[in-house]
Amino acid sequence: MVHDKRHNIRIFIFIFIILFANVELNLAAQNNTFLKLWYDHPAQQWVEALPLGNGRLGAMVFGNPSQEKIQLNENTIWAGQPYRNDNPDAGEALPVVRKLIFDGKYREAQDLVNKKFISRNSQGMPYQTAGYLNLSFPGHENYTNYHRELDIENAVTETRYIVDGVTFKREMFASYPEQVIICRITASRPGKINFTASMNHPAPVNIFTEGNDKLILTGTTGDCDSIKGAVQFQVHVKVKTEGGYVTAADSSVAVDNADAAILHISIASSFNNYNDISADAGERARSFLQKAQKKEYDQAVQDHISDYHKYFKRISLSLGVTDSVNNPTDIRIEQFAEGNDPHLVALCFQFGRYLLISSSRPGGQPANLQGIWNDKLYPPWDSKYTININTEMNYWPSELTNLSEMNEPLIQMLHELAKTGRQTANNMYGAEGWVVHHNTDIWRMSGPIDGSFWGMWPMGGAWLCQHLWEKYEYSGDKEYLKSVYPIMKGAVQFYLDFLVEEPEHRWLVVCPSISPENAPKAHHGSSISAGTTMDNQLLFDLFTKTIRSAKILKTDKALINKIKKTLKRLPPMQIGKWGQLQEWMYDLDNPDDKHRHVSHLYGLYPSNQISPYQNPALFYAARTSLTARGDESTGWSMGWKVNLWARLLDGNHALKLIQDQLKPSIQPNGRQRGGTYPNMFDAHPPFQIDGNFGFTAGVAEMIVQSHDGCVHILPALPEAWKSGSVSGLRTRGGFEIVNLVWENGQLTELIIKSSLGGNFRLRVHCPVLLREAASLKSASGNNSNPFYQIPEIRKPLISDEADINPVHLEKTYTYDLSTQAGGTYTFMSMDMH
Ligand code: FUC
């Protein structure tokens, strides 16, 4: 009886908490600030404007009442045309460069690589803007009640303000179903809409009108290095009104006294694929426009929102709400580090998902350095694909945060690189397989660029290939694995040919190479090396994952044996004299080195070669290295460190990095630092989208991890995130978190769904019970679920001088549950029971 009574009281308290939590959420929802970026003034600079995108088309909306600017992009408008940039002299110079490196003559080796390896004809082509659409509203200089927002729950921007008692409103979205950008302008009184639409572009283009309501821009992309620009592109803007008049001048369209106006913006290019630019841009732009025009505005909005919801709505995350949600977003960013605004983290997490859905859709191009948003002809680093960290980071959140479709363009790029890179492997190194260095572009160029210091890194393909396997790990789709296996095999074949024995330990090493963009002091200004830690870690992953794929697909036995033999001869990880994980083959790390790249920590994240449970010495060493590197850095570097601290199971330190990353980039003196722009774009500086995606992945890694033999729930929960909930995150092996709730820092409920069945090994920080009849056992032995195999890492070599700094690990509980495909399982904390 007494027990029953207590039980009832507990249930009552539980229901009360749930109701109360709902009331709190509803309040925030009523505030209309929930998943919105909003401001009380127009954007002055591009990094204040709000991004829209449908994967292919992008727009940056400034929201200026009298002079609206909408900066436009289309993801195939790149300078140049199909080309290659291999340096054919490399093969002959390769043995000489290797000898110089093994003799310790790094400067000479670097000089020779600059002459004989680095591309002579091109350092990559830039991604270019499609120009500006300008809407000029006479008399709207003086306005009141200004508000502009980006609603990331519906992927729509809105600008509204009052002039002479009339409320004006502009709504805009980039529709995937329609393949156009749509803008609707309304006023609270009839006949009040007057504006002129015009366009401009930083390059010489033609701008003219057609009929009385259409504005057209036609252009050709720019030249760069020795490559002539040859992509044709066109922007068509059609203006439709309710009431009033539409008239055209030479290069502008005017609207007078309308009740409402709708603009359809269609952009297209002549690009078919990396090797073919023979399409008719005008015909394409016209046909998108014609099709879109047939749909009523309300229907177009609805179709856009339901298309977007298919992806976005898969995840909801709540970390708590405070009064800060009532502030404009730029103010929240300014106050974040000193205030208490966990909701801003959830908003920024979802903003990363918004950006991925908006910049990377199946059938299109992968998100480049700026996603798809770029207002320049020659943007920083050409806004291309830097594949020594940046492009990979763009896709870190794709599987875990339930946006698997969005990495399809990356997979497609790999299919193409495996072709262009095959020629590079052959032309430059006389090697089998395919290779790409530290950059590529829309033409899938694969030769080394920019100079040896940055570009002599034949590992871009090895890193990108990890995404091929990761997609399989989450889906278990063998057909898909079969389709990408030849890409992995081709990458392996290159390294089997290219690896060379170094004279001291007789390890097989990648040479010449670098530890991306960092140079040990001892190399006197040269970054060139052999057998760097990251290269070895990348090859370990590429080799072991290719072996596993070949076994799953029951193919290539002889190749498996060959890879196994080679694997044994790669250098092991090494712990150096100050207890650090060595970045290079020799113990050259400087404890004062604050370099933004933390390449040797690839093994900790995104890879799973360093684990507190499997190989603690490496885990301690990685922590020592990361601590020495420091926190504040460029945007993407901080994004990486959020993930790294999450993997180090230190939620408070991960949150510290989040605070650093969310700091305003633009300082009062106008200078910029790594941080966040007012529109929440991440700042390297300048804007690079990788940091946004790293951030989103990092927040997810703090909540759930599945790389280390089990699903670890709340592995790195900071003390400040006392209560929260999440639904929709995915883990390896086809599990999805249907709901996860924590209170006072403790898990209260976890519901998971299995799509593939198999053993679900759970690691939690408190004992749990299972609601269903199925039996929950304490975990023992290896996880029988094949998606949770742990890599066999060789014992590290440890310097005699090394001081090992052990880390205290929180007590955890591990369970095994045999799941059925399609089954749903509910775990509850024992304390709640
Ligand atoms: C790498 C980084 C730079 C920058 C560039 C786009 O080269 O080292 O910091 O992010 O990519």
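Student: Which residues of helix 12 meet helix 14?
Tutor: On the helix 12 side they are Ala462, Trp463, Cys465, Gln466, Trp469 and Tyr472. Their partners in helix 14 are Met534, Leu538, Asp541, Leu542, Lys545, Arg548, Ser549 and Ile552. Keep in mind that this is a predicted model.

Student: How many nonpolar, polar and charged residues does that contact have?
Tutor: The contact of helix 12 with helix 14 has 9 nonpolar, 2 polar and 3 charged residues.

Student: At what angle do the two helices pack?
Tutor: Two numbers describe a pair of packed helices: the angle between their axes and the distance between the axes. Helix 12, residues 460–475, and helix 14, residues 533–552, pack at an angle of about 40°, and their axes are 9 Å apart. Helix 12 and helix 14 are therefore oblique to each other.

Student: Is the crossing left-handed or right-handed?
Tutor: Helix 12 passes helix 14 in a left-handed crossing.

Student: Changing topic. How many helices and strands does the protein chain have?
Tutor: There are 19 helices and 36 strands in the protein chain. Its radius of gyration is 27 Å, close to the 28 Å that the globule rule gives for 833 residues, so the chain is as compact as a globular protein of that length.

Student: What does the C-alpha trace span along its principal axes?
Tutor: About 85 × 80 × 55 Å.

Student: And what share of the residues is buried?
Tutor: Buried residues make up 62% of the 833 in the protein chain. As for contacts with a separation of 6 or more, 70% are between residues 24 or more positions apart.

Student: Now the backbone. Where are there cis peptide bonds?
Tutor: One joins cysteine 511 and proline 512, with omega about 5°. Proline 512 is in the loop between strand 21 and helix 14. Another runs from proline 685 to proline 686, with omega near 5°. Proline 686 lies in the loop between strand 24 and helix 19. For background, most peptide bonds are trans.

Student: What is phi at serine 383?
Tutor: Near 50°, a positive value in a residue other than glycine. Most residues other than glycine have a negative phi. Serine 383 sits in the loop between helix 7 and strand 18.

Student: Buried or exposed, that serine 383?
Tutor: Serine 383 counts as buried, because its relative accessibility is 0%.

Student: What about asparagine 744, buried or exposed?
Tutor: Asparagine 744 is exposed, with a relative accessible area of 65%. Asparagine 744 also has a positive phi, about 45°, although it is not a glycine. Its place is in the loop between strand 29 and strand 30.

Notes
Residues are numbered from 1 along each chain as its sequence is written. This is a predicted model: local features need pLDDT of at least 70, side-chain atom pairs count only at pLDDT 80 or more; totals for chains, interfaces and linings use all residues. Side-chain values use heavy atoms; hydrogens and water are left out. Axes are lines fitted to C-alpha atoms, for helices over the stretch in contact, and angles run from 0 to 180 degrees between N-to-C directions. Helices (H or I, at least four residues) and strands (E, at least two) are DSSP runs, numbered from the N terminus. Angles under 35 degrees count as roughly parallel, over 145 as roughly antiparallel, 65 to 115 as roughly perpendicular and the rest as oblique. A crossing is left-handed if the near helix is turned anticlockwise from the far one by less than a right angle, and right-handed if clockwise. Contact means heavy atoms within 4.5 Å. Ala, Val, Leu, Ile, Met, Phe, Trp, Tyr, Cys and Pro count as nonpolar, Asp, Glu, Lys and Arg as charged, and the others, Gly among them, as polar. The radius of gyration is taken over C-alpha atoms; the globule rule is 2.2 Å times the number of residues to the power 0.38. Buried means under 20% relative accessible area, exposed over 50%, partly exposed in between (1.4 Å probe, protein chains only).
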